[in-house]
Every structure is written in structure tokens, then in C-alpha cells.
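Please look over the charged side-chain pairs in this model. My notes follow the structure.

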Amino acid sequence: MRVSNIVFVGLVSLLLPALALDNGLALTPTMGWLHWERFMCNIDCVADPQNCIREELFMEMADVMVKEGWKEAGYEFVCIDDCWPSHERDAQGRLQADPKRFPSGIKKLADYVHAKGLKLGVYADVGKNTCAGYPGSLGYYDIDAKTFADWGVDLLKFDGCFMPDWHQLGEGYMNMSRALNQTGRSIVYSCEWPLYEWQHQQPDYEAIRKTCNHWRNYGDVYDQWTSVTGILDWTADHQKILVPVAGPGGWNDPDMLIIGNFGLSHDQQQTQMALWAIMAAPLLMSNDLRNICPKAKELLQNKYIIAINQDPLGKQGYRTLKADSFEVWERPLSGNRLAVAVMNRQEIGGPRRFTISVATLPSWQLCNPKCNVTQILPMYQEMGVQNLLSNVMVQVNPTGTTLLTVNPIKSYT
């Protein structure tokens, strides 16, 4: 391969330990399903009962997650996003579900989900209103936290719209974090604090990782390839800030998996799955599990990719090389192993060859004296024992990614 304009990234600053919110939760990235990207704020249950935001949608997803192997694969959260509440709080100031679309209430829905061995997530907002205009939690943090706990909620996605003064964002997120912890219930706390603060200044990630279990940094993912690459580019450009703060209990969240929808080719879906695993990202699918193609299902349930994502070492991966329309992303794994993703950013032509060696992958040093290489994507393949001088050639489709694991073999003399 031609290695012009190679950019290597210094590794030491990206491997510092992180201290996260000490609530004992999200020790590996959260896995589950979230309604927003696929179903958005569809509340027309008369014209579109199958796809509107109502209690049946979440019950059906819970049913499918158990029946079709999603729970067994590790996806445990069924998460409600915006547009679930009534527009008015009750007489005691508590949030209440829309009575027409959630007639049984969130507590009954949580009971249903729990009976399936799954967990329920719900959505609220740090400001006066949610992004879709429903009641926000500003001035109600303690009441709302207690309400969620009483309902049996297991995860809170806390958005950042309609905060009157952006300087209050941090205080609001910290207040809700304290309120959740004071309920005594284990509730994973998913924040959007840095997403809204980046518009004004670089966020204080020391404070964020002590407040939240995961946090959104960048804009919403759309069902299109340029959205996925935009997230990857932004993450790589800011990785010296982002990577050190990730670890067990606290994760950077690049937003939902859109695999199984309409906008990505199969190669592009493989790229999103591979890179989200490398980035130690929460794996929150937004798709219709009731009607998903077999190839997308197989990809999302791939146990080898999920094992990379859920690796207990808890180190976030990062981009280490950019050359000739290729990118190499690496993630340190437990047992001194390594995950490597080779991405072909070219959007023309056919498959292209990339050679992995000490020259293109300095961390290949772990193959001294020997290592075992396994290809996970685009299909599983044992690539055998290699050594420090090996050149491993992989072929990568346009917009696709080849995902490998490298396992050092100890020398016994």
C-alpha cells in the first residue's frame, strides 16, 4: 500500500485511567434499544398505530428482545425517548404519562419489562421543556428522580434543551445526578451535558465523568452514511480529550446504532458496529426489531464484536493511522490483546488491500515473539500465528471495515 501522509497518534496520553460516577453501574457500555432515531415523535396512533409512541410499542420490543435472542446477546434496556409524557404535570407536580398512549402508566410498563428480565429506560430534560416541547425537569429534579424511582425506571436519558442559561447546564446535570442517587434505586444516568456545552466552550470532562454514566458529545445520528462518518471524524479529532475520560462506569456516547434501517449499506453497517465496539460506545439500537433483516440481526448479535465492546478492561479505542483513504483504529483489550479496525474511506472502486505490519501498526510489537490473529469482520476467519516481521494483508470494501483481534502468544523457554 502507499502510505503517504500518514498520521500516527501518540498513545500514552490516551491510556490514562479514568474515574467515573461511583454508582456501581455501567461497568461495561450499556446495551439496549432506544426508540428515537427510528420512531421519533410519532404520536399519531390513529393513522399509524404500529409505529406511534405508545406502551404497546415498548411491550412488543421487549417481547421480541427475549424471543429473538437480543437479551441473550446482552441487550438489556428497553428505552423510551421523548414524547411519552402528558403536557401537564399532576396536582402534586409529578410527570405523568400521556393517558391515551400510555393508559397503564410507566410503572405497569416497567413491571412488564422487568418480568421479561429486561430493564426500562425513560427520557427527561434538564431544562424547562424537552426538545419536543413536553415538560422539562428544571425546578423538579428531586420530584422527577423520586417519580422515576417509584416507577421502577432503570435508566434516565437526560437531554439538554430549553435551559434558560447554558451556564446552568452543569449544575442541572449534577443536581439530577445527586437526586437519582438519593432515591436509593440503581438508575443508569445518560447525559447530554457536553453536547450542549461544546457550542459555547470545551466541557469539563472531569466533572462530567463524576456525574454521568455516559454522555453524548456530538449531534444526533441520522440514517445516513455521512452522519456516521461525521461522528467518527469528530471523535477522532477530539480523541485526546475524550479517550482518557472513558472507563468502567462512564463512557463517551456517539449515539444510536442505526443498523437494520434504511440508509446504510451492509458494509457501512459493519463499519458502524465495528467502530462503536472499538470506541467502547453504548450499544443502543434504534430500529424495528419486529421487522429486521437477517444480516442486520446477525451483525448486531455478533458475539465476537460484542465481546470487544464489553471488554472488562474498559479502555476506549482511538484512531492511530490515517493514510491513502484508510483509517486504522485500535482498542487495547484485557489480557494484553488488541482489537484493530481497518476502515476504507474511499467511496469509489472495489475492495482495496491494506497491509498490517510494524510499519503501519506500531502496537504490532505485541507480536514479539508471536501472536494469533483472528478476523471478526467482514466474516470470521482465523488468520493464524504471526510474528513481529509478519505482513498481514486484509481486503476492505469501499466504506467497509475489517475488524481483527490480536492475541499475543507467550514464549515458554
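**Notes on the salt bridges**

1. Lys157 and Asp81 join their side chains in a salt bridge, N to O 2.7 Å. The term means a side-chain nitrogen of Lys or Arg within 4 Å of a carboxyl oxygen of Asp or Glu. The two residues are 76 apart and link distant parts of the chain: Lys157 lies in strand S4 (residues 155-159), Asp81 in the loop between strand S2 (77-79) and helix H4 (105-115). Helices (H or I, at least four residues) and strands (E, at least two) are DSSP runs numbered from the N terminus.

2. This is a predicted model: local features need pLDDT of at least 70, side-chain atom pairs pLDDT 80 or more, while totals for chains, interfaces and linings use all residues. Residues are numbered from 1 along each chain as its sequence is written, and side-chain values use heavy atoms, without hydrogens or water.

3. Lys157 is buried at 9% relative accessibility. Asp81 is buried too, at 2%. Buried means under 20% relative accessible area, exposed over 50%, partly exposed in between (1.4 Å probe, protein chains only).

4. Asp81 and Lys157 also belong to a salt-bridge network with Glu192, Arg216, Asp220 and Asp255.

5. Arg290 and Glu60 form another salt bridge, 2.6 Å from N to O. The partners sit 230 residues apart, Arg290 in the loop between strand S8 (283-285) and helix H12 (294-300), Glu60 in helix H2 (residues 55-67). Arg290 is partly exposed at 24%; Glu60 is partly exposed at 26%.

6. Glu327 pairs with Arg345 in a salt bridge at 2.9 Å, N to O. Glu327 is buried, at 2%.

7. The structure holds 23 salt bridges.
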